[in-house]
Amino acid sequence: MSRSEAHRIVERIARESYGRLVALLAVRTRDVATAEDLLAEAFAAALEQWPTQGVPSNPDGWLVTVAKRRHLDGLRRGQVQVNGEPHLQMLASEIEEASHLSEELPDRRLALMFACAHPLIERGARAPLILQTVLGITAKAIASAFLVSPASMGQRLVRAKLNIKACGIPFSVPDQPDMPERLNAVLEALYAAYSTGWDESQGASELAPEAIWLSRLIATMLPEEPEAKALLAMMLYTEARRGARRDARGCYVPIDSQDIELWDRSLICEAEKLLHDCNRSGPTGRYQLEAAIQSAHIARRLTGANCWPAIVSLYDHLVSLTNSPVAVLNRAAAVAEIAGPDAALADLRAISTDKRILGYQPYWATLGHLNLRAGNIETGCEALRVAIGLSTDNAVRQHLRRLLPS
């Protein structure tokens, strides 16, 4: 096997298995940073050995075995005292067991996710920490998703990992009384992961199915939590449209131009049932509102009904609940369909100086589109050019260029 071929295989396994492997190692080491370092060393060993020895039949088990051996070697080099020998013996036994695994390794991601969401972790670091450790998203991408600087996000993540080790936070799914406080951070992370995976250009299309799988697991595990069901519903509504987002040539297609025959009706029906179930549980939370907005957009296209007033009303509640500049932006786009672009542009002035939004590509794309509709050609073109510069998806860039007047 060539080195380049081995490199491709290692990259694929890293994309598909990183979170599961870090979680498995972190549960054992009780140290997220150490687990990440051990896994990095295991991947480096794979790059060195697999080109000559071939890819093992169970590559995940091979990586875990190498990582645990490195951990054991490190403990021995640290001159663990006699009372540490039982731990070394147990770890050695685990390594021997892992080396003979022929099936998929146990999934410990839920335990790691809830450890990252522990109350002793800084509130603003909980969801980002889940994204990095469980789903392998870079600090830079996480910073973009949360509208903060990469340096600030990096510092948050380092502090959080140190805190998990220092406080001895358990790696386990909490009991029911402790669940609600931690659940919000877990759902926020899955929401951000799905949003990142929704954009195939980020090289993160694996994130969307991972986020859906984990959301299904949590919704099943917590059937009385309406927000867990609502988040899954929101994902399924948007996932149902994935096949219509690109035309036969790969060009981006906005929702109002999509071929609704390409939408996955089974996913839509499942999402509708979930939304109906969680709406009976109350009170209405963020993800119930997000899912209801997606449902209204789909109903608008499928039935031809004027759902814009309902969409604006839902965004009113969402803005009140979250004070999110993204919600303000999306509300303004809906207002334009009722009261025209000038009214929408007036609403956008409220966030025009918000530093969180100035690097957010959809803000500039919406601003450009609304200004063009309002006849502000020069301002609209300028905003669209900024949006084009911020776009990482070539299909989206081409779509925005077509909006520029010739």
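Predicted model: local features only at pLDDT ≥ 70, side-chain atom pairs only at ≥ 80, totals over all residues.

**The whole view**

Zoom out and colour by secondary structure. You'll find 19 helices and zero strands. The protein has 406 residues, and buried ones make up 49% of them. With the surface on, you're looking at about 19,500 Å² of accessible area, and 51% of that belongs to carbon and sulfur atoms. Here's something about the fold as well: take the contacts with a separation of 6 or more, and 64% of them are between residues 24 or more positions apart.

**Stop 1: helix α10**

Select residues 207-221, which form helix α10. (If you're checking the sum, the expected span is 1.5 Å times one less than the number of residues.)

Now show the side chains of Leu 207, Ala 208, Ala 211, Ile 212, Leu 214, Ser 215, Ile 218 and Ala 219, which are buried. What covers the buried residues of α10? The cover includes α5 (109-116), α6 (123-135), α9 (179-198) and α11 (226-239). Give each of those its own colour.

**Stop 2: the largest nonpolar core**

Stay with Ile 218 for a moment. Leaving out residues up to four places away in sequence, Ile 218 touches Leu 110, Met 113, Leu 183, Val 186, Leu 190 and Ala 228.

Which residues touch the most other members of the largest nonpolar core? The core has 106 residues, and the answer is Leu 112, Met 113 and Ile 218. Helix α9 gives the most to this core, with twelve residues. Apart from this core lies another one, of 22 residues, including Val 328, Leu 370, Leu 372 and Val 396.

**Stop 3: Phe 146, in a loop**

Next, select Phe 146, in the loop between α7 (139-145) and α8 (150-167). Its relative accessibility is 21%, so Phe 146 counts as partly exposed; the buried label needs a value under 20%. Show what surrounds Phe 146: beyond its neighbours within four places in sequence, Phe 146 is in contact with Ala 127, Pro 128, Leu 131, Met 153, Glu 188 and Ala 192. Pick Ala 127 from that group and try the distance tool again. Ala 127 and Phe 146 are 19 residues apart along the chain, and their C-alpha atoms are separated by 9.6 Å.

**Stop 4: salt bridges**

How many salt bridges does the structure hold? There are 17. Let's visit a few of them.

Select Glu 41 and Arg 70, which form a salt bridge with the closest N and O atoms 3.4 Å apart. Glu 41 lies in helix α2 (residues 32-53) and Arg 70 in helix α3 (residues 59-77), so this pair ties together parts that are 29 residues apart in sequence. Glu 41 is partly exposed, with a relative accessible area of 34%, and Arg 70 is partly exposed too, at 32%.

Then jump to Arg 331, which forms a salt bridge with Asp 316, the closest N and O atoms being 2.5 Å apart. Arg 331 is in helix α15 (residues 325-339) and Asp 316 in helix α14 (residues 308-322), so the pair ties together parts 15 residues apart in sequence. Arg 331 also forms a salt bridge with Asp 347, at 3.1 Å between the closest N and O atoms. Asp 347 is in helix α16 (residues 341-348), 16 residues from Arg 331. Show Asp 316, Arg 331 and Asp 347 together and you have a network of salt bridges.

**Last stop: aromatic pairs**

The whole structure has three aromatic pairs. Select Tyr 191 and Tyr 287: their ring centres are 5.6 Å apart and their planes at 50°, so this pair is tilted. Tyr 191 lies in helix α9 and Tyr 287 in helix α13 (residues 286-303), so the pair ties together parts 96 residues apart in sequence. Both Tyr 191 and Tyr 287 are buried.

Finish back at Tyr 363 and Trp 364, an edge-to-face aromatic pair with 5.2 Å from centre to centre and 75° between the planes.

Technical notes
Residues numbered from 1 in each chain as written. Heavy atoms only, no water. Helix = DSSP H or I, 4+ residues; strand = E, 2+ residues; numbered from the N terminus. Buried < 20%, exposed > 50% of the residue type's maximum accessible area, 1.4 Å probe, protein only. Contact = heavy atoms within 4.5 Å. Areas by Shrake-Rupley, 256 points an atom, 1.4 Å probe, with all protein chains shown as cover. Salt bridge = Lys/Arg side-chain N within 4 Å of Asp/Glu carboxyl O. Core = buried A, V, L, I, M, F, W, Y, C linked by side-chain atoms within 4.5 Å. Phe/Tyr/Trp six-rings, centres within 6.5 Å; stacked < 30°, edge-to-face > 60°.
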